[in-house]
Amino acid sequence: MQLLFPILLTLLAFGLPGCASYPHNPKLDRYDLDKGYRYDELSDQKNSESLFVILTFSGGGTRAAALSYGVLEKLRNTPIVWEGKHSTLLDEVDVISSVSGGSFTAGYYAAFGDATFKDKSQSGFLRDFLYRDIEGELFNQLFNPANWFRLASPDYSRIDMAANLYNEEIFKGVKYADLVIRKTKPYLMVNATDMSLGSRFTFEQAQFDPMCSDLGGVDLARAVAASSNFPVAFPPMTMDNHAGSCGYSEHQPGWIAEAEKDLLINPSRYKNAALFKTYQDGEKRPYIHLLDGGIADNLGLRGPLQALTSNDSELNLPVKMGAGVIKKLLIITVDAKNKPNLNYDSSASPPSVIDVLKIVANVPMDNFSFETTETLRKTFTELEKDKNTYLACQSQLQQHCPAAVLSTPAPKIPELGFIYIGFDLLSDAAERDKFFNMKTSFSLPEEQIDELRDVAKRLLDKSETYRKFVKTTQ
C-alpha cells in the first residue's frame, strides 16, 4: 500500500498510458477562398509587389538555420530606394519557402519580424534557437516523466514531443491564425513531405482546403517540426483529414478540373492535380503522415518554381508578370548541404550500413536539388529569350521575323535574377571543406554559427547578380 499511493498520484498527475494524443488540426466549417492563410490576404505597407523577392532556405539542421539567418541579416542591412521610398531589401521579401533546418529561421522571422534580430541577451533567434543546444534539450525530454506516459500512447510520439518543445521554447505558442491577423509579408511556405505520395506538402491554407481543415488552428511549431522530421530520428507526424465536410468538392479551384484533361499536353500539371485530389478522399486517407521536407525538395525551391510557371499556385506570378505588376523578380536560394569526406572507393571493403544510409539519404537529394536549380535557370533563360526575340524583331535587328511575334503586344517580362548561396562557391578549398563537414544537427558551437552567418554575407557580396540588383535600387 505504501508503494501504491505514490504510483497512483503519479498516474493522476501525468495521465494514464494511452490517453495522450497529438494535437488535432481543426475542421474547416466552410471552404472560403477569401479566408485563411493565403498570399492574397497579406498586405504590408513596407512592401511593393513591383520588386518581388523570394527566398528559399534548405535543410541542414542548425547549419542551415544559421546560414539562412546570415542572409536575412545581410538583406536587413542593405538599404534600397524603390519607387521613391527608402527601405531595405529585407522589407521587399514577399515569400520565404523553406524545408527542415531552414524552416526554423523562416518560421521565426514570419512570426516575430524585427524581433528576430535581437542580440543573445534578449529573446530573439540567436537566444531562442541558434545558440541553444536544441538537440540536447530534445534528448532530455525523453527523461521527463510526463513524456513517459505520453509516449506510451499510440497517438503520441517523439515528433509530437519535439513540436511541443519548439512551441513552448522557440515559437511561443504562435499559430497560423496569428499570421493571418498580422497580415504582414513575407508569405511563409513551410514544406514537409507526404510520406505516402513522396510529394511536397506545404503548410498553407490551399493545401489544407481539400482536407477541410483550418490551418489557422495549427501551431507554427508543428509545421516546422513536420518540415524537419528526419526519418528514423523521428516517426512521421500525423495530420487529420476531414475531407468532405466543408463543401470543397463542389467549389474546388477550376484548375484541378482543367488539369485532369492535360495528361498529354501538360503531364506535370496533370500529376499535381491527381496528387491534390487524393486529399479529397477522407475514406481512403483519413490521416496524412508527414516527413522531412528535404525528401521531396531539399532547397524549398519547387513551390516557387511551380508558381513561376503556372497560375495554379497561391502566388499567381505569371498573371502578375503579364500584367506588368512585377518589374523586378529576385530569387535567392540558400543551400546548406554537407559534403563530408567519404573515401569509400579507396578500399575493397564495402561501406558500413550507417555509411550506406548516409549516401542514400544525401546523394539523391543533392542530385535532385541540382536539377531543380538548373530547371529554374532554364526557365529564366527562356523568359529572357522570349523578351529579347520580340525586342530584336521590333527593332528590325532580325530578318524574317514571324508575323505572330510582330503582331502581339510586347511580353512584360520583369528583370530577372537568381542567386545561389552555397559552400560550393567558396574559392578556398580548406574553407569549403570546413563548412561542408560541419555537423548536420540541432547543436553547433557559437563560433561555427557566427562563421556561417559571416559566410552568408560574404557570398552575397560576391554575387554579381546581387550587386546589380542593389545598384539598380539605390
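Me: How many cavities of 30 Å³ or more does a search of the whole structure find?
Reply: One. The model is a predicted one. The largest cavity has a volume of about 30 Å³.

Me: What makes this space a cavity?
Reply: A 1.4 Å probe fits there but cannot get out, so the space is called a cavity and not a pocket.

Me: Which residues line the largest cavity?
Reply: Tyr37, Ala110, Leu179, Arg182, Thr184, Lys185 and Pro186.

Me: How is that lining split by class?
Reply: Four residues are nonpolar, one is polar and two are charged. Tyr and Pro count as nonpolar, Lys and Arg as charged.

Me: What kind of peptide bond joins Lys185 and Pro186, two of the lining residues?
Reply: A cis bond, with omega about 10 degrees. Most peptide bonds are trans. Pro186 sits in the loop between helix H8 (176–182) and strand E5 (187–194).

Me: Where does Lys183 lie?
Reply: In the loop between H8 and E5. Most residues other than glycine have a negative phi.

Me: Why is Lys183 called partly exposed?
Reply: Its relative accessible area is 33%. Buried means under 20% and exposed means over 50%, so a value in between is partly exposed.

Me: What is the phi of Lys172?
Reply: Near 55 degrees, a positive value in a residue other than glycine. Lys172 is in the loop between helix H7 (158–169) and H8.

Me: Why is Lys172 called partly exposed?
Reply: Lys172 has a relative accessible area of 41%, between the 20% and 50% cut-offs, so the term applies.

Methods:
Residues are numbered from 1 along each chain as its sequence is written. This is a predicted model: local features need pLDDT of at least 70, side-chain atom pairs count only at pLDDT 80 or more; totals for chains, interfaces and linings use all residues. Side-chain values use heavy atoms; hydrogens and water are left out. On a 1 Å grid over the protein atoms alone, a cavity is a set of points where a 1.4 Å probe fits but cannot get out, and a pocket is an open set with protein on both sides within 12 Å along at least five of seven lines; lining residues have an atom within 4 Å of a point. Grid points are joined across faces, edges and corners, and a volume is the space filled by probe spheres set on the points. Helices (H or I, at least four residues) and strands (E, at least two) are DSSP runs, numbered from the N terminus. Buried means under 20% relative accessible area, exposed over 50%, partly exposed in between (1.4 Å probe, protein chains only).
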